Amino acid sequence: MTIRLPDEKGKFSDYRLSGRTIPSARLPADAARIVFSAAHVVADPFAACEPSGPAAVDWTATMAFRRHLDSLGLGIAEAMDTAQRGMGLDWPGALELIRRTKAELPDALVFNGCGTDQLAPADARDLDDVRRAYFEQVEAIQKLGGRLIVMASRALAAVTASPDDYVSVYSDVLARCDRPVVLHWLGEMFDPALAGYWGADAFEPAMETALAVIAENAAKVDGIKISLLDKDKEIAMRRRLPAGVKMYTGDDFNYPELIAGDEQGHSHALLGIFDPLAPAAAYAVAKLGEGDGKAFRDTLDPTVPLARLIFRAPTQHYKTGVVFLAWLNGFQDHFIMLGGAQAMRPLPYFVEAFKLADGCGLLRDPDLAIQRMRKLLALYGA
């Protein structure tokens with residue numbers, strides 16, 4: 001199968017698809033690593049609301065994608081930044097998403113994003129405002145029986161005066177949590193409003209504050225996900241975690257090495273890239289559990305160039321690539337996103353994503369992918 005694709009100057013040439021596909025696998029309950037996919041949401045393209053207004057979600061397609069992830073044995077990190085949380089999906093929409101996923105998949109491994117996004121940073125006057133916003137979300141999600149991922153807070157970053165403020169607020173929030181949670185350290189490359197999080201611009205003092213939060217509340221912390229796109233920083237922190245506290249990699253650039261681990265430990269996974277890479281993640285980690293480290297790396301290593309493209313700067317627009325691949329693979333009937341975010345990457349990005357996804361066996365129906373890629377090219381006048 002071939003398709004004519006343009007380069008960055010608009011010159012077309014034939015591209016022949018590889019014909020590769022990822023072997024099917026389902027992660028067992030006792031998998032070698034805990035693997036969460038941070039799942040995207042599907043927009044309703046027929047809604048009359050403005051892209052800048054409240055989210056209009058296609059709940060049927062959104063839930064179908066979560067059933068797909070669960071069928072592979074993957075956990076679901078719900079209502080996170082991959083779902084355009086705080087970037088198209090507001091708190092009421094996030095809570096409805098959490099409620100529906102709990103009802104649809106009551107026995108699945110699901111942790112849910114808990115933040116302060118109902119409180120605009122400009123409206124936060126002090127730490128108590130931030131506490132109240134966190135408490136509201138903790139109570140609402142726990143009322144549904146949901147587990148928590150305590151997300152970084154733009155409002156907290158806006159009002160904090162010292163690292164001690166982070167320790168104080170997080171300790172108060174964790175005291176309200178009925179089961180151990182996953183903490184989330186999201187770097188400023190994902191969200192510029194989180195620059196200087198944990199009270200420091202440099203990594204080392206910021207890490208010390210995060211570790212202090214964990215040490216003071218170890219019984220309430222299942223693990224921490226760090227999304228800094230720097231494997232050395234993740235490994236350094238991983239080696240400092242208290243016994244029983246897990247590291248969940250959020251490094252969409254270096255995940256094969258970090259999940260494989262070394263003689264001093266390994267990372268589990270909570271990754272946005274494991275939305276489009278879900279079949280590869282399930283197969284690779286299943287092989288790792290069988291003791292076949294080579295098959296693990298042979299499956300995931302070729303996906304890294306695709307991940308690095310999807311998450312290239314400006315990194316916060318990575319959701320566009322995630323949803324593009326979901327559309328190519330037939331998980332939704334359109335390439336429309338909350339907030340009009342489908343327009344946040346240029347055509348050469350989509351062309352390269354198509355080629356790389358094909359090259360590592362991630363186009364599950366090549367004929368459909370070709371048809372949809374041609375539709376996108378036609379939209380651009382090709």
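**Ground rules.** I am working on a predicted model, where local features need pLDDT of at least 70, side-chain atom pairs count only at pLDDT 80 or more, and totals for chains, interfaces and linings use all residues. Residues are numbered from 1 along each chain as its sequence is written, and side-chain values use heavy atoms, with hydrogens and water left out.

**H3 against H5.** I took helix H3 as residues 127-143 and helix H5 as residues 163-175 (helices are DSSP runs of H or I with at least four residues, strands are E runs of at least two, both numbered from the N terminus). Their axes come within 10 Å and cross at roughly 30°; axes are lines fitted to C-alpha atoms, for helices over the stretch in contact, and angles run from 0 to 180 degrees between N-to-C directions.

I then listed who touches whom, contact meaning heavy atoms within 4.5 Å. From H3, the residues are Leu-127, Val-130, Arg-131, Tyr-134, Phe-135 and Val-138, and they meet Asp-165, Ser-168, Val-169, Tyr-170, Asp-172 and Val-173 of H5. By class, that contact has eight nonpolar residues, one polar and three charged (Ala, Val, Leu, Ile, Met, Phe, Trp, Tyr, Cys and Pro are nonpolar, Asp, Glu, Lys and Arg charged, the others, Gly among them, polar).

**The barrel.** Next I followed the strands: eight of them close into a barrel, running E3-E4-E5-E6-E7-E8-E9-E10 with parallel pairing. On average, neighbouring strands here are turned by 25° against each other, direction ignored. Two strands pair if DSSP finds at least two bridges between them; E4 (residues 75-78) and E5 (residues 110-114) have three, in the parallel sense. I checked Ile-76 too, and its bridge partner in E5 is Val-110.

Ala-79, in the loop between E4 and helix H2 (91-104), has a phi near 55°, a positive value in a residue other than glycine. I also found a cis peptide bond joining Ala-313 and Pro-314, with omega about -5°. Pro-314 sits in the loop between helix H11 (304-310) and helix H12 (318-328).

**Whole protein.** I count 14 helices and 10 strands overall. The C-alpha atoms fill a box of roughly 60 × 50 × 40 Å along the principal axes.
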